[in-house]
Amino acid sequence: MITLSGVTKRHPGGQEAVRRLDLSVARGEFVLLTGHSGAGKSTVLKLMAGIERPTEGTVTVSGQDLGTIRSGALPYLRRNLGLVFQDHKLLLDRSVFDNVALPLRIAGFPGADIGKRVRAALDRVGLLDRERGDPVTLSGGEQQRVCIARAIVHRPAVVLADEPTANLDEAYALEIVGLFRRLHEVGVTLVVSTHSPTAFGDARVREVALRQGILVRSGEARA
Amino acid sequence: MSRLLREHGLAFQDALRRLGGQFVAAFLNLLVIGIALSLPLAMYVVLGNVSDFSRQAAAEPQLTLFLRPDADATVARNIESRLKGHAAIGRYQFVAKAVALEDLKKAAGLSGIVEELGRNPLPDAYVVTGRPDGAEALEALRSEAATWPGVDHAQLDTLWARQVEAVIRGGRTVVVILGSLLGVALVAITFNTIRLQILGRREEIEVSKLIGATNAFIRRPFLYLGTLQGLIGACIAWGLVMFAVGVLERELGVAASLIAQDGVLRRLDIRDTIALAVLAGGLGWFGAWLSVTLHLRRFEPV
Ligand SMILES: Nc1ncnc2c1ncn2[C@@H]1O[C@H](COP(=O)(O)OP(=O)(O)O)[C@@H](O)[C@H]1O
Ligand SMILES: [Mg+2]
């Protein structure tokens, strides 16, 4: 599903965020990217979403090389991804509902469908009652959950989540982990980064550990 | 198909919301565009009226031979026999002084003044109409007829009409130049409006691209906004000019009936209106397109 081969990402500052990384994520796999802050987790996820371009090596998603993909085809590839950003990237000038509806509007869903799907997604993150709310009035954890709702509302085949549980209380973190598990069960491919893998408990995940941009462990799927 | 329609519908709604969202700024912009467009438009309408008037005169060059006050029927017959069979002449008509006076009373509503004169100051006359484009032959006839016995004065009506035509041609050139300049201004104003809109919606554009928006999807509301701005500006210009013609007509009163039949001045007709809408809308679209194309590059390659 997603393959990084020999990928190095060097930022203009000269620092290498990721060094000669080989990583392959199979369809339906649940991969947990672990490592300390600065290990390169966000960079790996951005490379997978085509947000960053590798300095060396190739990134392939659904058989398409992101280095050579037509710029016109990239949006359609992204519609199969659900992205949870570390900094949420919510639009503060519109309601929670409209934020979550954005991927559906972009993909051209009809209006009636949009209402149903948005409410279903908000329900799954426990924020159905905040539908009309203003994102500015939400706590960090609530904003995080809105971002998760936006990532799953269009039922993407792949979810790439960057520290989705970082701002959450333990109870909510468990709920989100439960949500990811259910997505995994219905065949969604997940790559989730975290600096606290224990929150994921006994989920059947494959842990991939990074340290200073280098892959230090690429485990098997836990049973 | 229905999906494309829906997406255009959404983009259009979005553009309307943006216009309404910053009402004062949007309104001032529209006013500037409307006033700018109304200048060449007003000139175009004025020229249209003057040109209608002069074309009537120039298409049928007329020579009027005013007879001496003491000219009798014999003299008149003499003149008529000279006119008959003259090559330059299309047709001619004798206008008796009494008839001329009646016409004058009717045409300009001057009956009161005419009554006060007590006597008829007008002479008998022959009104000679030349062949189409026979203005030069008629000019030759004018010199000749001026020497005929019984002819007091021979007056050719085409010269001033041709001069007016020349002025109108010059005026048209000015309209085209002025229109082009203000068209460029319209593009520039729209370009800047859209630039500010893009800056204000940076995050939205960025996030939208990250979750799969195509460039066309991102462009669309801005293109609608530019087009709408041009169209509404055109509506304002249209309203201003139509209003101004109405005022002018009322101010001119009697004089308006000398320029136009029934005293109704020429206004913007349906063809002018469509042309104005297409031009202004098109220029607005173009300004928006330039701006979006230029400024969205900054969001690449994300
Ligand atoms: N845009 C950037 N410019 C320069 N350095 C960057 C940039 N983004 C990330 N880095 C550096 O790359 C390394 C990896 O960052 P990141 O992928 O965000 O790590 P993590 O998400 O694991 O905390 C860090 O040392 C960070 O400082
Ligand atoms: Mg990070």
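Me: Ala, Val, Leu, Ile, Met, Phe, Trp, Tyr, Cys and Pro count as nonpolar, Asp, Glu, Lys and Arg as charged, and the others, Gly among them, as polar. By class, how many nonpolar, polar and charged residues has the shell around ligand 1?

Reply: This is a predicted model, in which local features need pLDDT of at least 70, side-chain atom pairs count only at pLDDT 80 or more, and totals for chains, interfaces and linings use all residues; side-chain values use heavy atoms, with hydrogens and water left out. Residues are numbered from 1 along each chain as its sequence is written, while chains are lettered from A and ligands numbered from 1 in the order in which they are written. The residues surrounding ligand 1 include His11(A), Ala17(A), Lys41(A) and Thr43(A), a residue being near a molecule if one of its heavy atoms lies within 4 Å of it. By class, this shell has 2 nonpolar, 8 polar and 1 charged residues.

Me: Which helix gives the largest share of the shell around ligand 1?

Reply: Helices (H or I, at least four residues) and strands (E, at least two) are DSSP runs, numbered from the N terminus. The largest share of the shell, 3 residues, comes from residues 41-48 of chain A, namely helix 1.

Me: At what distance does an N or O atom in the side chain of Ser42(A) lie from an oxygen atom of ligand 1?

Reply: A polar side-chain atom of Gln15(A) is 3.4 Å from a ligand oxygen, and a backbone N or O atom of Ala39(A) is 3.2 Å from an oxygen of ligand 1. For the side chain of Ser42(A), the distance to an oxygen atom of ligand 1 is 2.7 Å.

Me: Which element gives the largest share of the lining of the second largest pocket?

Reply: On a 1 Å grid over the protein atoms alone, a pocket is an open set of points with protein on both sides within 12 Å along at least five of seven lines, whereas in a cavity a 1.4 Å probe fits but cannot get out; lining residues have an atom within 4 Å of a point. The second largest pocket is lined by 21 residues, with Arg94(A), Asp14(B), Arg17(B), Arg201(B) and Glu204(B) nearest its centre. Its lining divides into 8 nonpolar, 2 polar and 11 charged residues. The largest share, 7 residues, comes from chain B, helix 1.

Me: How much space lies in the largest cavity?

Reply: The whole structure holds 3 cavities of 30 Å³ or more. The residues lining the largest cavity include Arg78(A), His154(A), Leu210(B) and Ile211(B), and strand 6 of chain A gives the largest share, 3 residues. Grid points are joined across faces, edges and corners, and a volume is the space filled by probe spheres set on the points. For the largest cavity, this space is about 50 Å³.

Me: Which element of chain B has the lowest mean pLDDT?

Reply: pLDDT is the predictor's confidence in each residue, from 0 to 100. Chain A averages 90, and chain B averages 83. Where pLDDT is low, the predicted coordinates should not be read in detail. In chain B, helix 11 (residues 270-296) has the highest mean, 93, and the lowest, 67, belongs to residues 254-259, helix 10.

Methods:
A polar contact is a pair of N or O atoms within 3.5 Å; within protein, one must be able to donate a hydrogen and the other to accept it, and residues adjacent in sequence count only if both atoms are side-chain atoms.
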